[in-house]
Amino acid sequence: MATAPKAKAVREDLLRVEGLTKIYDGAVKAVDNISLTVTTGEIFALLGGSGCGKSTLLRMLAGFETPTQGKIYLAGEDITHLPPYKRPINMMFQSYALFPHLSVWENIAFGLKRDGMPKNDINDRVESLLGLVQLTKLAKRKPHQLSGGQQQRVALARSLAKRPQLLLLDEPLGALDKKLRESTQLELVNIIEEVGVTCVLVTHDQEEAMTMASRIAVMSEGSFMQVGSPDEVYEMPNSRHVADFIGNVNIFDGVVEVDEPDHVTVRCEECVHYVGHGISGNTGMSVSVALRPEKILLSKNKPQGEFNKGKPQGEFNWCEGEVIEIVYFGAHTTYHLKLASGLVIKAQELNSTRDLSCGLTWGDRAYAHWSDLAMVVLTQ
Amino acid sequence: MNKIFSKSWMIAVYVFLYMPIITLVVFSFNDSQLVTVWSHASIRWYHVLVHDRELISAVALSLRIAFLSALLSVFFGTFTAFALNRYKRFRGRTLLSSMASTPLVMPDVIVGLSLLLMLVSMQQWWGFPERGLLTILLGHALLGTAYATVVVTSRLREMDGKLDEAAMDLGCQPFQVFKLVTLPLLAPALVSAFLLTFTLSFDDVVLSSFLSGPGYSTLPMVVFSRARLGLNPTINAVATVTITVVSIAVIVSSFYQSRAERKRKLEVAQAYSDSNQ
């Protein structure tokens with residue numbers, strides 16, 4: 001591609017999107033004023049439920065949709081109105097969209113032939129890609145003669161063939177079964193890192209986003225709710241929506257009682273939360289406290305331990321309830337605890353020994369407790 | 001019990017479908033003047049057929065018209081189907097989509113009559129076109145286009161629109177997408193549309209009767225007019241020849257198809273054993 005050398009000049013942001021908006025039929029805002037930058041070498045995930053606008057955003061990047069407003073820059077160059085066949089961007093489609101009348105080899109060579117690459121170079125390029133995705137032996141087969149995982153690898157090789165500056169992945173593992181997914185996920189990331197291509201990936205599967213991406217944007221109703229690394233988004237969600245969308249979460253509603261720079265307490269109907277860090281809020285403010293199930297410990301007796309730097313448990317960070325449901329997952333077990341207020345919280349216990357050590361059963365009274373660093377205070 | 005029932009049912013259907021054809025073929029070797037009375041076997045009517053100029057030229061004309069009108073129908077039908085399927089918003093789309101299928105439901109007599117009236121007035125104003133091969137071709141292409149549009153549309157509809165996008169994504173301009181992806185995938189539909197419109201044209205009698213001029217009689221027209229004067233077994237001979245030609249074509253094509261299929265299966269097996277090594 002003629003624009004390739006420029007990528008190095010502005011290495012810091014390969015893709016820059018400014019105020020991108022897509023309105024369908026003059027009324028439906030599929031994508032609402034989104035701005036983002038993707039750095040060279042990054043794997044950036046757009047995560048959201050169906051209809052959140054993630055696919056529309058991806059299609060605008062590929063050039064299949066024209067934005068109503070806003071600009072897209074690739075390596076400093078405005079590509080907003082460039083047709084798809086002129087963009088140095090390639091896409092791996094959701095159901096692969098392999099050409100059924102062409103062999104694996106011809107599928108991969110398709111884009112190179114359009115560029116008028118010399119025949120020998122095409123041969124070399126295709127052979128090396130076939131080696132990369134370990135399909136050298138199947139080069140002559142037609143797509144329908146391949147398994148789902150093999151088709152996925154052909155699709156990947158085809159989208160990498162033209163050495164795009166940006167690779168778009170649309171639900172890359174959506175069509176594979178669960179077991180195959182896990183191995184393919186890592187394989188995909190390894191290949192992408194080996195090639196060193198920058199990726200934008202769209203998925204509705206949070207696990208896929210967490211394991212593959214270096215940064216995640218959680219989308220809802222056409223806007224970004226939060227953008228951050230997987231652990232940021234998981235451990236420090238900025239809103240109830242994000243906390244709820246990524247993983248499981250227990251949410252307590254309460255009011256800030258003590259607001260100190262190094263800690264706050266939040267009084268809820270069920271318990272009093274002692275949070276080991278300051279928040280940007282003030283006393284009397286109503287907030288939500290988000291607590292992940294795996295951060296809750298269960299015991300049969302009232303917790304007497306210390307939950308924070310020698311401070312006794314006292315009234316903080318515990319509650320009592322009745323076990324109403326036990327869901328066994330093998331590696332861990334999730335207990336549903338019904339509290340006096342009627343709120344049901346989930347606590348996830350690791351099955352670290354083979355006798356399910358917690359010893360709780362349906363109808364038992366149990367105490368849940370957690371550390372002062374386990375929860376996040378959400379102000380919105 | 002069930003088996004006997006289904007078998008006899010199958011035989012009944014075959015008899016119903018093919019008895020008339022078999023009778024026709026058998027009677028083409030009848031020596032008698034009468035179509036329905038068997039005297040003894042001979043190839044007398046084939047001799048007559050060879051020397052029947054009118055019938056021979058009618059067959060030639062029918063074949064020519066069928067071939068050309070099938071070509072035209074597939075050409076226009078493909079583009080109509082493509083426009084309707086791939087361009088969701090343009091002025092007059094709804095009108096086009098309903099008009100494209102109108103000839104399917106319109107009685108042939110009406111279509112033929114209205115075409116005739118139009119052609120007659122055109123000829124009065126411009127002296128063109130003279131009724132003959134061209135006008136029959138026009139009528140058949142009109143009807144055939146409607147059928148071809150339906151066949152191609154149904155194939156286009158089940159084709160993955162993502163393939164077009166993938167081709168564009170890999171550097172194809174819209175015309176290249178059509179040439180390199182859409183057309184090869186459409187090929188089977190184009191072949192069946194061609195065969196369908198070919199047979200439609202070959203056995204049409206209504207439109208041809210309206211649109212032909214002196215000296216231009218298609219085979220069905222000749223058969224039809226002779227039937228009114230009393231049939232003679234030459235018609236059986238013509239039909240037998242036609243059936244033989246068609247059967248040979250079908251057998252040859254299915255032979256090649258099954259050979260290609262076998263070859264492909266062999267390749268797959270080869271690929272499997274390669275990947276197991």
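Which residues does A:H336 touch, not counting residues up to four places away in sequence? Keep that in mind as you open the model, which is a predicted one.

**Stop 1: a histidine in a strand**

Select A:H336 and show strand β19 of chain A, residues 332–339, where this histidine has its place. Now bring up its neighbours: leaving aside residues up to four places away in sequence, A:H336 touches A:E322, A:V323, A:I324, A:E325 and A:V327, and also A:V344, A:I345 and A:K346. A:H336 counts as buried because its relative accessibility is 18%, and the cut-off is under 20%.

**Stop 2: where the chains meet**

Next, colour the two chains separately and go to the interface. Here 26 residues of chain B are in contact with 25 residues of chain A. On the chain B side, select B:E165, B:D169 and B:L170: these lose the most area to chain A, together 30% of what that side buries. The area buried between chain B and chain A is about 2400 Å², and carbon and sulfur atoms give 62% of that area.

How many salt bridges are counted between chain B and chain A? The count is one. For polar contacts, the rule finds six residue pairs across this interface, both residues of each pair being at pLDDT 80 or more.

To see which elements are involved, display α7 (161–169), α8 (174–202) and α11 (234–276) of chain B; these are the elements that give two or more residues to the side touching chain A. Of that side, α7(B) gives the most, with seven residues. Colouring by residue type, you can pick out 14 nonpolar, five polar and seven charged residues on the side of chain B that touches chain A.

**Stop 3: the nonpolar cores**

Now look inside. The largest nonpolar core has 58 residues, and A:L15, A:L46, A:L57, A:F99, A:L168 and A:V200 touch the most other members. The element that gives the most to this core is α8(B), with nine residues.

Centre on A:L15 for a view of its surroundings. Not counting residues up to four places away in sequence, its contacts include A:L36, A:V38, A:L61, A:I72, A:L74 and A:V200. Another core lies apart from the largest one; it has 47 residues, among them A:L188, A:L201, A:A213 and A:V242.

**Stop 4: two positive phi values**

Most residues other than glycine have a negative phi. Against that background, select A:Y96, in the loop between β6 (89–92) and α3 (104–114) of chain A. Its phi is positive, about 75 degrees. A:Y96 counts as buried, at 3% relative accessibility.

Then move to A:E171, in the loop between β7 (166–170) and α6 (178–195) of chain A. Phi of A:E171 is also positive, near 45 degrees. With a relative accessible area of 6%, A:E171 is buried.

**Stop 5: a threonine in chain B**

Finish in chain B with B:T80, found in helix α3, residues 53–86. Is B:T80 buried or exposed? It counts as buried, at 16% relative accessibility. Show B:L96, B:A100, B:T145 and B:T149, which B:T80 touches when residues up to four places away in sequence are not counted.

Definitions and conventions:
Residues numbered from 1 in each chain as written. Chains lettered and ligands numbered in written order. Predicted model: local features only at pLDDT ≥ 70, side-chain atom pairs only at ≥ 80, totals over all residues. Heavy atoms only, no water. Contact = heavy atoms within 4.5 Å. Buried area = accessible area lost by both parts, 1.4 Å probe. Salt bridge = Lys/Arg side-chain N within 4 Å of Asp/Glu carboxyl O. Polar contact = N/O pair within 3.5 Å; in protein donor to acceptor, adjacent residues only side chain to side chain. Helix = DSSP H or I, 4+ residues; strand = E, 2+ residues; numbered from the N terminus. Nonpolar A, V, L, I, M, F, W, Y, C, P; charged D, E, K, R; others polar. Buried < 20%, exposed > 50% of the residue type's maximum accessible area, 1.4 Å probe, protein only. Core = buried A, V, L, I, M, F, W, Y, C linked by side-chain atoms within 4.5 Å.
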